[in-house]
Amino acid sequence: MAASLTPDPVTTITTEDYHTGGEPFRIVTGGVPEPEGSTVAERRLWAVEHLQDVRRLLVNEPRGHADMYGCIVTPPDDDGADLGCLFFHNDGFSTACGHGTIALATWAVETGRVRATAGEGEVRMVIDVPSGRLPVRIPLDDDGRPAGVVFRNVPSFVAGAQIIEHGGQHLAVTVAFGGAFYGIVDAGLAGLRVVPEELGAIIALARDLKAELNRTPWVHPEDPRLSGIYGIIVVDEPDPDDPPLEEVRVRLGDPAEAVVVQRNVTVFADGEVDRSPTGSGTSARLAALHELDDLPAGAVLVNRSIVGSVMLGVVEDDEPVMVGPHRGYSTLVAGQAFRTGSHTFTLDPRDPFATGFLLR
């Protein structure tokens with residue numbers, strides 16, 4: 001077993017598990033060495049070199065699965081934030097994760113890591129992630145529990161577009177950044193619907209599009225560490241059987257009248273499928289819709305996932321923040337997370353599967 005875990009005969013790592021919109025999030029609470037570096041972005045690079053065994057142990061079967069996600073909590077970059085976070089998935093350590101940010105903020109309040117001020121009705125905190133600093137607001141219900149999470153993402157922007165041939169079709173793919181780069185494609189143009197029954201074809205499409213897009217060097221103009229296509233967002237019309245919007249507003253609030261309702265699914269990393277609407281992907285989608293004049297500032301995007309869960313997204317205002325040559329926009333993303341359990345994972349050095357495997 002790699003020395004990056006522990007020299008003990010049986011490695012022990014503890015976690016608290018949550019889900020956001022159906023997407024798992026495994027928060028490491030003990031048993032892992034603190035990543036080295038003066039910033040979260042630097043710690044991510046250290047983790048890439050030294051903590052791959054930890055990631056595999058917690059993501060791979062038999063302790064996880066191909067679509068598992070999680071994080072290692074770290075110190076923030078400085079006193080301006082409450083905590084830092086390194087996200088991990090089936091293929092490495094990602095630069096951004098909106099559903100993970102929502103789950104981590106919920107965990108921080110529920111465990112008392114960040115405390116509410118009596119009578120305020122909400123908690124405010126700041127989380128440092130590899131893509132930048134995220135201000136977070138957590139409204140509380142009447143019992144003092146998190147009723148949802150709203151985070152302001154790093155500036156999101158449209159980076160370009162590309163026509164890609166797939167299955168005899170020429171598909172227009174928009175590339176946008178929301179903490180990571182995403183290719184956005186219309187499901188109908190690809191002859192697909194965002195439903196579980198078509199997931200295999202969606203994964204195949206996303207793999208092909210991602211590989212083709214990555215032939216072009218999509219480079220972040222201010223931080224090359226954020227470069228490269230991370231995922232593909234397949235966008236569809238809403239399902240008529242989805243719950244009414246009134247239920248969404250009760251759960252997540254109603255900052256403005258919804259003007260765009262859609263379903264989407266994001267396939268990222270190594271064919272990993274997001275069950276949630278994808279928080280950083282929602283920001284990328286918001287930037288794309290706003291640039292096309294399909295979503296005014298202040299209006300709400302109701303973004304449903306392939307399993308019907310919801311995130312809300314808003315472009316805060318029309319005034320862009322330039323990110324290199326690109327017009328970047330401040331976006332808010334809202335969602336809910338729920339605790340699913342806690343774990344103590346072990347690794348017996350006699351185990352022939354060691355840190356595990358992925359069947360898919």
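Which residues touch the most other members of the largest nonpolar core?

1. In the largest nonpolar core, which has 71 residues, Phe 25, Leu 104, Met 125, Ile 127, Ile 138 and Val 234 touch the most other members; such a core is a set of buried Ala, Val, Leu, Ile, Met, Phe, Trp, Tyr and Cys residues joined through side-chain atoms within 4.5 Å, where buried means under 20% relative accessible area, exposed over 50% and partly exposed in between, with a 1.4 Å probe and protein chains only. Helix H3 (residues 98-110) gives the most to this core, namely seven residues, helices being DSSP runs of H or I with at least four residues and strands runs of E with at least two, numbered from the N terminus.

2. This is a predicted model, in which local features need pLDDT of at least 70 and side-chain atom pairs count only at pLDDT 80 or more, while totals for chains, interfaces and linings use all residues. Residues are numbered from 1 along each chain as its sequence is written, and side-chain values use heavy atoms, with hydrogens and water left out.

3. The structure holds 10 aromatic pairs, counted when ring centres of Phe, Tyr and Trp (its six-membered ring) lie within 6.5 Å, with planes under 30 degrees apart taken as stacked, over 60 as edge-to-face and the rest as tilted. Because the planes of Phe 88 and Phe 93 stand at 70°, with ring centres 6.3 Å apart, that pair is edge-to-face, and both Phe 88 and Phe 93 are buried.

4. Tyr 182 and Tyr 230 also form an edge-to-face pair, at 5.8 Å centre to centre and 75° between the planes; this pair links strand S11 (residues 181-186) with strand S12 (residues 229-236), its members lying 48 residues apart.
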